[in-house]
Amino acid sequence: PGSNITPGSRLFSIAELDSTVVNIKVPLSEISYIKNNQKIEIFHSENSSFPIVGAIQRISSIANQSLDSSERVVDVEISVPINTHLNIGFNATVVITAPKREGILVIDSKAVFLKNNESYILILEDNKPKKIMLQLGKTAGESVEVLNLKEGQSYIINHNDFLNYKN
């Protein structure tokens, strides 16, 4: 009874069972917004209504080339409680809230359209649509920072309604 072992054979493994790790890749351009122990939310692909709260455990000091874009990314480990029903290989959405930048306006990205590789928006001026070129900042989900729009300025979200508009 029992098993024969040879030198160098693994007899047992020690594992931390009170938490698990989620590995993500953060674009190098966004890495300055995160820090160790920062709280984050993870939305499981099977139950996206309730976030799982975790914390950033480790930020790599090395940026690597992303496999699916020309952007450089940094490996980040997030510690989450073990009883969250996250499984290896499952898809999830990780939300890391960046600090609010003062004096920067954020608008719905659906309002922005491209023409000749420039970003534009239709604003309302004297109750008429007017096309203006935008200087864009960072994008997060369906929101985009606009660096040259006045606070309180009315703009048109569904610019497709004005396809025949010329300016």
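This is a predicted model: local features need pLDDT of at least 70, side-chain atom pairs count only at pLDDT 80 or more; totals for chains, interfaces and linings use all residues.

Me: What is the strand order in the open sheet of 3 strands?

Reply: The edge strands are β6 (105–108) and β10 (136–140), each of which pairs on one side only, and the pairing in the sheet is antiparallel. From one strand to the next the twist averages 30 degrees. The order of the strands is therefore, with edge strands being those that pair on one side only and pairing requiring at least two bridges, β6-β11-β10.

Me: Which residue in β11 stands opposite Ile107?

Reply: Strand β11 covers residues 143–146 and pairs with β6 in the antiparallel sense, over 4 bridges. Within β11, the residue that stands opposite Ile107 is Val144.

Me: Which element gives the most residues to the lining of the largest pocket?

Reply: The largest pocket holds about 680 Å³ of space, and of the 24 residues that line it, the closest to its centre are Glu30, Ile96, Ala98, Thr139 and Ala140. Two or more lining residues come from each of β1 (19–27), β5 (92–95), β10 and β11. By class, the lining has 14 nonpolar, 4 polar and 6 charged residues. The element that gives the most, with 5 residues, is β1.

Me: How do the residues that line the second largest pocket divide into nonpolar, polar and charged, and what are the numbers?

Reply: This second pocket has a volume of about 360 Å³ and is lined by 15 residues, of which Val21, Val22, Leu86, Asn87 and Ile88 lie nearest its centre. The elements that give two or more residues to its lining are β1 and β5, and the largest share, 5 residues, comes from β1. Divided by class, the lining has 10 nonpolar, 5 polar and no charged residues.

Me: Is Ser119 buried or exposed?

Reply: Ser119 lies in strand β8, which spans residues 118–125. Leaving aside residues up to four places away in sequence, Ser119 touches Val112, Phe113, Leu114, Ile132, Met133, Leu134 and Leu136. Its relative accessible area is 14%, and the cut-off for burial is under 20%, so Ser119 is buried.

Me: Is Glu142 buried or exposed?

Reply: Glu142 is found in the loop between β10 and β11. When residues up to four places away in sequence are not counted, Glu142 touches Ile107, Asp108, Ser109 and Lys110. Because a residue counts as exposed when its relative accessible area is over 50%, and the value for Glu142 is 52%, Glu142 is exposed.

Me: What is the C-alpha to C-alpha distance between Glu142 and Ile107?

Reply: Ile107 is among the residues that Glu142 touches, although the two are 35 residues apart in sequence. In space, C-alpha to C-alpha, the distance between Glu142 and Ile107 is 8.4 Å.

How values were computed:
Residues are numbered from 1 along each chain as its sequence is written. Side-chain values use heavy atoms; hydrogens and water are left out. Axes are lines fitted to C-alpha atoms, for helices over the stretch in contact, and angles run from 0 to 180 degrees between N-to-C directions. On a 1 Å grid over the protein atoms alone, a cavity is a set of points where a 1.4 Å probe fits but cannot get out, and a pocket is an open set with protein on both sides within 12 Å along at least five of seven lines; lining residues have an atom within 4 Å of a point. Grid points are joined across faces, edges and corners, and a volume is the space filled by probe spheres set on the points. Ala, Val, Leu, Ile, Met, Phe, Trp, Tyr, Cys and Pro count as nonpolar, Asp, Glu, Lys and Arg as charged, and the others, Gly among them, as polar. Buried means under 20% relative accessible area, exposed over 50%, partly exposed in between (1.4 Å probe, protein chains only). Contact means heavy atoms within 4.5 Å.
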